[in-house]
Amino acid sequence: MSGCDDCALVGLHPTTGNGAGVVAIIGPPNSGKSTLFNRLTGLRQKVANYPGVTVEQRVGNATLASGREITLVDLPGVYSLSPRSEDERVAHDILTGTMPDFPRPDAILLILDSTNLGRHLMLAAPVLALGLPTMIILNMADDLRARGGELDAQALSRQLGAPAVLASAARGEGLEAVWDFLATRSAPPAPVDASALQDVPKCHAWAARLGRRASYQPPAPPVWTRRLDAIFLHPVWGPLIFGLVVVTVFQAIFAWARPLMDAVQSFITWSGGLVASVLPASPFRSLLLEGVWSGVGSVLVFLPQILVLFLFIGILEDSGYLARAALIADRTMARVGLQGKSFIPLLSAYACAVPAILATRTIENKRDRTATILIAPLMTCSARLPVYTLIIAAFLPERPLLGPLLGTRAAAMLGLYLLGFLAAFATARVLKSSILKSERASFLLEMPPYRRPTLSSLGLRLVDRSKIFLRRAGTVILAVAILLWVFAHLPLEHGKMPPVENSIAGKVGHAIEPVIRPLGFNWKIGVGLVTSLAAREVIVGTLGTLYGMEPDAKSRGLQKALRQDLAPAGAVALLVFFAFAMQCMSTIAVVRRETGGWKWPLIQFAYMTLLAYGGAFVAYRIVSALA
Amino acid sequence: MQLSGNGTSSLVELRRGERGVLDRIELPADVSRRLMELGFLPGSPVVAAGSAPGGDPRVFRVDGAEIALRRETAACLILRAPSSEP
């Protein structure tokens, strides 16, 4: 549900004057970097953050006590600054000021996990060597203390000639010192021991020496993490729990979101009725009700479902379970020639393909990365959710299958997700055994300790996601709805609005109809397929407008109209079409940017469209023969 | 700890809970650098922890962290012979 407009670094105007204007936050993966960023910027992030692992540099503003604004940049999590993966290159280029159109930061916040200081301190060498004012935030101090570890931050600060503070970003502990650092212009750090920059073993020795001088006492092993891993990675319980988690997510998307969706629907119906009663009958009122209310409203209803999905993704990621899921999935990934590292981008593709494609930057092997980019849009993104929900709810009655655990509709949804998953894996298999063949890449993944997700972090994700969704509803979807309404009412016949069949939109739909008739689609679906090239969920709004819904008709109205107008076989074909087709301009744009040309996005679009057409045709034939 | 034919053993031979000391990494420079950044430095003690449900990839404890490696990678991380352990 994200657009690539979300990743543009718009509105970045560094302030000048005393203290820092642009501050970069850098740290190794799992150091709590994003939590710190959220703490400092609160709800004031200008650029949307993405679900899944932090990949795109997020930018946000923070206001100092003096009222001055500073810009914070959240860089990708890296272990070193030697640019090998795309992530490291981005971090390196921004910090050295060689990233085009991006100002060099004035200061750096280096965040390290204090429970893992032996390794994390190694990143301090190349970062401090940049010579920018740097504060070292020794995060997870609460965890360090609880597990009996010790660290003298003052001593470390003296050794490095840079301020250092023990903090807990999750609990908001120790952040006063960070605010002080941001408010005053600090001196650059002392020069780093040259030996630390030579190679990894020397850097490690340097870090160990520093740790000893700062009386670092590593904490006891995380007992709970080991206990939980004994269950989550158990040969029998592990996969079983994994399956249970997946089923719960799907049932929740349907069952838990329902009351909220009904509430949104009631509000849209009520407000539409209000507009209808206030305005006199006119083309303008018709535009508002049929275009804006039916078009945008029928998409807005799905916000609660998308939030439920993101809540689950947030819990899985913040708790540390995601890394275990990647571990469990690695064998399956290896079978199709990919690696476990591809799993995390693919999982975030369930939210949206755009951040998933950006997340592939952590994959060092170029061919693996391209293969992952090519299959990511086949994973069921949240923009498909409104389309699936509408069709399933219109054609499939709800019945319990596994008691209260799984109903028919959630099962149908699960089936569609599985379909996308299988298509993605079959495609990966073909790609990796032909044009993208490569040596088996190594799989190195850190298993972070389990942590309790914080409410503020989860809440922030949901607020963020709502913003993106509403922005899209207010821009792309609104624009398409208005344009469609205009095209559905022109040209005028004898000074009056024509019946919709004779309008421009109707003519376009009828022109496409011969091509899509073999799939069981009528011309209205044809118009929807055209408008949904902008974004998948637009088809829901388009059908809402085309079926001439009056605002007092409920969502059930559109479902009923569809049921009368579309054969069940056509409905199944439509679901299959949307499972496979690459109906998303944002994805095409981001693939072009990340692969550096039009070759891959064009191949991908052609392939997915053919797959969608072929799949829908077969589905239509099979269901027609059965019915 | 079992010794293979040529007298060397790798991380793969460590059974769950067993500890060994890393001697060298027989992998291309970029992969071994990455492994070293994750804590697999010559001379570091490594403990075999759990694994994925199928037994591959396996999880190793090194330098206070848990890192998952595929068997084929773990087989290239050679351990010091027990006698030369400090």
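In this predicted model, helix 11 (residues 257-278) and helix 12 (residues 283-300) of chain A pack at an angle of about 175°. Their axes lie 10 Å apart. Angles over 145 degrees count as roughly antiparallel; helix 11 of chain A and helix 12 of chain A are therefore roughly antiparallel to each other. Helix 11 of chain A contributes A:Val264, A:Ile268, A:Gly272, A:Val275 and A:Ala276 to the contact. Helix 12 of chain A supplies A:Arg285, A:Leu288, A:Leu289, A:Trp293, A:Gly297 and A:Leu300. By class, the residues of this contact comprise eight nonpolar, two polar and one charged.

In soluble globular proteins, nonpolar side chains tend to be buried together. The largest nonpolar core of the model holds 213 residues. Within this core, A:Ile137 and A:Leu138 have the most contacts. Helix 25 (residues 568-580) of chain A gives the core its largest share, ten residues. Neighbours within four places in sequence aside, A:Ile137 touches A:Leu36, A:Leu109, A:Leu110, A:Ile111, A:Val165, A:Ala167 and A:Val178.

A further site in chain A is A:Leu347, which belongs to helix 15 (residues 343-348). A:Leu347 counts as buried because 22 C-beta neighbours fall inside 10 Å, and the cut-off for burial is 20 or more. A:Arg369 is 22 residues away from A:Leu347 along the chain. The C-alpha atoms of A:Leu347 and A:Arg369 are separated by 15 Å.

The two chains also meet. Their contact draws 27 residues from chain A and 27 residues from chain B. On the chain B side, the elements that give two or more residues are helix 1 (29-37) and strand 5 (65-69). Helix 1 of chain B provides the largest share of that side, seven residues. The side of chain B that touches chain A divides into 14 nonpolar, five polar and eight charged residues.

Strand 7 (residues 444-447) of chain A and strand 5 of chain B run antiparallel. Four bridges join these two strands. A:Glu446 stands opposite B:Ile67, a residue of strand 5 of chain B.

Note on methods
Residues numbered from 1 in each chain as written. Chains lettered and ligands numbered in written order. Predicted model: local features only at pLDDT ≥ 70, side-chain atom pairs only at ≥ 80, totals over all residues. Contact = placed C-beta atoms within 7 Å. Nonpolar A, V, L, I, M, F, W, Y, C, P; charged D, E, K, R; others polar. Pairing = 2+ DSSP bridges. Buried ≥ 20, exposed ≤ 12 C-beta atoms within 10 Å, placed from the backbone. Axes fitted to C-alpha atoms, helices over the stretch in contact; angles between N-to-C directions. Parallel < 35°, antiparallel > 145°, perpendicular 65-115°, else oblique. Core = buried A, V, L, I, M, F, W, Y, C linked by C-beta atoms within 7 Å.
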